[in-house]
Every structure is written in C-alpha cells, then in structure tokens.
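Biologist: I would like to learn how to read salt bridges in a model. Could we go through the criterion and then some cases?

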Amino acid sequence: MQTGLYIVGTPIGNLSDMSPRAIEVLKNVDLIAAEDTRVFGKLATHFDIKTPRVSCHEHNERDVIPDLIEKLQSGISIAAVSDAGMPGVSDPGFRLVRAAREAGIPVYVVPGPVAAISALVLSGFPTDRFTFCGFFDEKKLREDNKIRHTIIYYESPNRIMTTIAALNRIMPERQIAIVREITKIHEEAIIGYPADLLHIEPPRGEIVIVVAPAPEHRMSDTEISEIINDIAADVSTKSAAADLAKRAGISKKEAYKRMLNKGDEE
C-alpha cells in the first residue's frame, strides 16, 4: 500500500455492493478509522478483514485526528470508513481529509454507494442540477424553497410524516419522492405531491427525500378553470382529477376538490 489516507465507500444495505478494491484496501492498510468499530466489525467479519481499527466519529474526531495525522506522517497507511456509504457525505470524514491535505499527506478515494445519488436516480426527477441539503431542517425550509432545481434530504422515519406536512405547507406545488431502504429487500420510492402523501402508512427504514424542481409557472385560477372546462365531461371525477393534476401541476387532492366544485356549480 502507498502511504496515505484512503477514503473508502462501503455498502448502504446490500453487502454485494462492496467493491473488490475496497476489500483489498481495507485488508492491506495499516489501520482503519471507523465511525463505529462495532458496526464496521460486522462488515469486517463478513469479508475477513482483520486490520486493526480505531474509532473516529463526530464526537471524538477533533481529539483523534491529530494522532491519525501523526501516524500518517510517520509513513503508515490509514483507511477511513463510515457506518454506510461514503465518508464525508453527512458522515464524519471531511475534517480528516482536510487535515491530511493541510499536512501534505496523499489522499485517495475508493468510491462506493451514496444514498443521496441513488435516491435521486430512483426518483426520476431531473438530475442536471440538484442540491443536497443533508438532514432535513424545517427551520430552513422557506430558504430551501428558493432553490428551484431538485433538492435532496436525509430524514429519520420517526419524523417523516411531520416532514411531509411541512413540505405540504411550504412546497405544495412540488412533487416529492420518499425513497427508502435503498439496495435492500424493501426498497421503495413513493412519489406524489405532499398533499397526496399526508395519510400514507408511515415509511420505515433509512429514508431519503427528493424534491422535484419548482414549476416554472404556477397556473392562475382562471387558467386552471380553462383546463377543467376542457376535460371531457364523460370521464369519472377521479380520472378527471388525475388529468387536471398532471396538466396544471397541482396535487391530486387539490384537483379532486376543484372537480367536485365544478360539479356543484353545474
């Protein structure tokens, strides 16, 4: 192994996503800096990785990093891993990389899965421009809504329904994808306007939220009324509402209410 710091991506669920290069590096470095040595221990056992390891997580990294840098300067090789995915992406890692760069130590990356990017692809929303905002923070939501392209958040299953309600208040016109359990048996993408997802069964597992770009133009009531009048009168209210939602860029729930109001007026 060349002397230096190796940033190693590990699976986010499916162990088959572990790359041969990642296994080789983890077996041959002198030391592994793991976010949680117990979590990494399961991975190490599965792939027969017996390299010595130390903890390096958000609560101790300021104390641990100087010692790791000193070891790297002495000529040993160290691999950094998080509990899952790529270190540094909403996980410990970037401070260690920064310290290594400042000390003139070579840094190498061994790519692996990233939940945010995987969810983005699964959502079907535009990928040409996107912003990853880390873990969802309702206090920043109005500011986030100024981002007009695709947005990605991480979220806890314990808060997901509260988060959907917040998105419905601030971003009702933007579709969202609730992507959960990526690469696992129960992988699922639940897609719709926030209002349509307010009463779903609360999703479980690891969750990523992808928010679609904001509509370029929010239709006026007059424009929406014109679409309503254009929809064939012989279709069911449910089908008409689905057609209206798609054409007007509004939630199915709002579209259904408007179709019912049309019926009452007639």
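This is a predicted model: local features need pLDDT of at least 70, side-chain atom pairs count only at pLDDT 80 or more; totals for chains, interfaces and linings use all residues.

Modeller: Residues are numbered from 1 along each chain as its sequence is written, and side-chain values use heavy atoms, with hydrogens and water left out.

Biologist: What is a salt bridge, and how many salt bridges does the count come to?

Modeller: A salt bridge is a side-chain nitrogen of Lys or Arg within 4 Å of a carboxyl oxygen of Asp or Glu, and by this rule the count comes to 10. One of them joins Glu61 to Arg95, with the closest N and O atoms 2.6 Å apart. Glu61 lies in helix 3 (residues 61–73) and Arg95 in helix 4 (residues 94–102), so the pair ties together parts that are 34 residues apart in sequence; helices here are DSSP runs of H or I with at least four residues, numbered from the N terminus.

Biologist: Is Glu61 buried or exposed?

Modeller: Buried means under 20% relative accessible area, exposed over 50%, and partly exposed in between, with a 1.4 Å probe and protein chains only. Glu61 is buried at 2%, whereas Arg95 is partly exposed at 26%.

Biologist: Which residue does Arg180 meet in a salt bridge?

Modeller: Arg180 pairs with Glu188 at 2.8 Å, N to O; Arg180 is buried, with a relative accessible area of 16%, and Glu188 is partly exposed at 35%.

Technical notes
Helices (H or I, at least four residues) and strands (E, at least two) are DSSP runs, numbered from the N terminus.
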